[in-house]
Amino acid sequence: MATSADITPVAHRYDAGLFSGDDAKERVREAVDIVDLVGSYISLRRNGRNLVGLCPWHDDSRPSLQINPERQTFRCWVCNVGGDAFSFLMRMERLEFREALEQLAERVGIDLPRSRGPGGDVKRPLYDTIAWAAARFSDCLQSSPVAEKARAYLHDRGLTAETVTAHGLGFVPDEWDWLLRQAQAAGIATSNLEQAGLVIPRQDRSGHYDRFRGRVMFPIRDPQGRHVAFGGRVLPGSPPDAAKYINSPETPIFSKQSMLYGLESARETMSRSRRAIVVEGYTDCLAARQAGIGDVVAVLGTALGQRHVRLLRRYADQIVVVLDGDDAGRRRADEVLEVLLAEPIDVRIASLPSGVDPCDYCLNEGSDAFESLLGTAVDPLDYRMQRVVDSLPDDASDDAALTAVEGVLSVMAAVSPRSPLPPSQRQLREDQLLGRLSRRFGLSREALRARLAELHRARSRSTDNAATDEAEAIDARSLPAWDRELLEAIVAAPDAVAPLLEQISAAELETEVARLVLDAAVTLQNAGRTPTLASMLLELTDPRLHGLLVQLDEATREQTHLDETARVHHLDEAITRRRADRTARQNLRTLKTSPLQPDDEAAILEQLVAARRAAQGMTDPKEG
């Protein structure tokens, strides 16, 4: 638990260079319901006027995370973490404030206004460049003679012209500078092409060349439908050393670990079906759509990871992963098993016959057959264990079986510590899986648990150096009395306390925490805004300070003996006493260090006595 002495200065102002500052943050804050947000991660139940759930940041067997719908805040009574919707998302997803603001704005459908200042929007040129390139690729596929083989390939794959057009497929000729020349003619800066991942600088720095050459192009869009990247597939007959698929590199607008092909057009169907079907390839996704199955997306050449699952959980309650009937598809089962253990969602695996991919299956067998296949989906552990059993010959030795079990345990030990599942829930899932392994292979649950614990410890040791600890919470009880009194007054009576803030210097406060909060309150006041809890949570973007403010808010609400008037009166008296105490100390130093005339010394002594009495809250004696 962090104390007031542990806190170092942190920047608290949100950088308004990307967005228009306070107005945008306030609009998003007002539009987001923290109950809906938290409820998309953990189960909540009503408890009086509040809601409670199991805290995702400690091993919580009794619901200790409390959501206050009226205040739009959360707080764990054990961890002392808390804040608003922004800080909850920042903690859950390990985001910076800017990223949390963008995600919440997307969640509630708010288009964040962009700054007009220099460098205010570094992403807009990238969106525009990718969209421009998508149009050039599409035009080439539709009308260029050099794209005849690409059109034939898509036709042979069974994709109709309507499907190709609806999803904006394109083609890029097998030339080193086709897109570069197109860009020069259109006045598109090469620097924008490079930053968007469309061209690569030559090793001798003599120029650039196109990243994609001789490929069918699949435009990738973000959930808002903006073009952000491409996937490119070579045509049959290409050199054997050419990669079958290549994707755009990571850019400021694209991360393949947190995006899915086709999500922008599948969201509505997913929200109705509450199901997300995940396939391996772009054509697999398009073939399923063409067959009338709309809740299908594809991974972008990566495993289905936790970021993907958290994205899909916004729209679906169940994920069905369709694996190709080849060795590569079967290997994906281990990755899906890890997701099952790490994420609070129903994940299942549907396996295709050997040598068949989803595209062929959908086009040849039809949507009814594909839906029937989805109905046979099993959970990843059943799939994994059946694979183990099927792979063992009848005369397999005990060592072979143990090796297979070891593989399953290794996957279970690899579950990310960033899982949003509470530790107690992860433990329950592990126990269930260990029980099934025990029954299937005739091994004791205790032995399996001991081996799993060894693998957990080994993995922890190997990742200790790379791990980043969660920012520790600040306990309000660790603050000095004066610092806490001031912060409580700001939180409890923001309207009434504002005039007093001008009388307080940051130098009078002992902790950096209190100085940051005071600075935020004064900043708001100078901007003509009241330092309410909501506005303070927006002004301060450090999650630790969010937790402290919510903790103080809860504490002041329990102090029923103090209303706003009494609290402000106490603070005013405290300011007067502290000012008198400073005066007394100054007078005392003057008496000790300066030679004075008797009359001057008597006057200072009188002032010292008066200051001492004022510092102790005593009134002046009456004459007579």
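**A cavity, a helix pair and a helix end**

Leu37, Ser40, Tyr41, Leu89, Gln103, Leu104, Arg107, Arg310, Arg313 and Arg314 form the lining of the largest cavity. Keep in mind that this is a predicted model.

**The largest cavity**
- The largest cavity holds about 110 Å³ of space.
- Counting cavities of 30 Å³ or more gives 5.
- Helix α4 (residues 97–107) supplies the largest share of the lining, with 3 residues.
- Sorted by class, the lining of the largest cavity comes out as 4 nonpolar, 2 polar and 4 charged residues.
- Among the lining residues are the arginines Arg107, Arg310, Arg313 and Arg314.

**Where α5 meets α6**
- Helix α5 (residues 124–143) packs against helix α6 (residues 148–156) at an angle of about 85°, and their axes are 7 Å apart.
- Angles of 65 to 115 degrees count as roughly perpendicular, so α5 is roughly perpendicular to α6.
- On the α5 side, the contact is made by Cys140, Leu141, Gln142 and Ser143; on the α6 side, Ala150, Arg151 and Leu154 meet them.
- By class, that contact between α5 and α6 has 4 nonpolar, 2 polar and 1 charged residues.

**Helix α14 and what follows**
- In helix α14 (residues 358–365), the buried residues are Pro358, Cys359, Tyr361 and Cys362.
- After α14 comes Gly366, and its phi is positive, near 95°.

Definitions and conventions:
Residues are numbered from 1 along each chain as its sequence is written. This is a predicted model: local features need pLDDT of at least 70, side-chain atom pairs count only at pLDDT 80 or more; totals for chains, interfaces and linings use all residues. Side-chain values use heavy atoms; hydrogens and water are left out. Axes are lines fitted to C-alpha atoms, for helices over the stretch in contact, and angles run from 0 to 180 degrees between N-to-C directions. Helices (H or I, at least four residues) and strands (E, at least two) are DSSP runs, numbered from the N terminus. Angles under 35 degrees count as roughly parallel, over 145 as roughly antiparallel, 65 to 115 as roughly perpendicular and the rest as oblique. Contact means heavy atoms within 4.5 Å. Ala, Val, Leu, Ile, Met, Phe, Trp, Tyr, Cys and Pro count as nonpolar, Asp, Glu, Lys and Arg as charged, and the others, Gly among them, as polar. Buried means under 20% relative accessible area, exposed over 50%, partly exposed in between (1.4 Å probe, protein chains only). On a 1 Å grid over the protein atoms alone, a cavity is a set of points where a 1.4 Å probe fits but cannot get out, and a pocket is an open set with protein on both sides within 12 Å along at least five of seven lines; lining residues have an atom within 4 Å of a point. Grid points are joined across faces, edges and corners, and a volume is the space filled by probe spheres set on the points.
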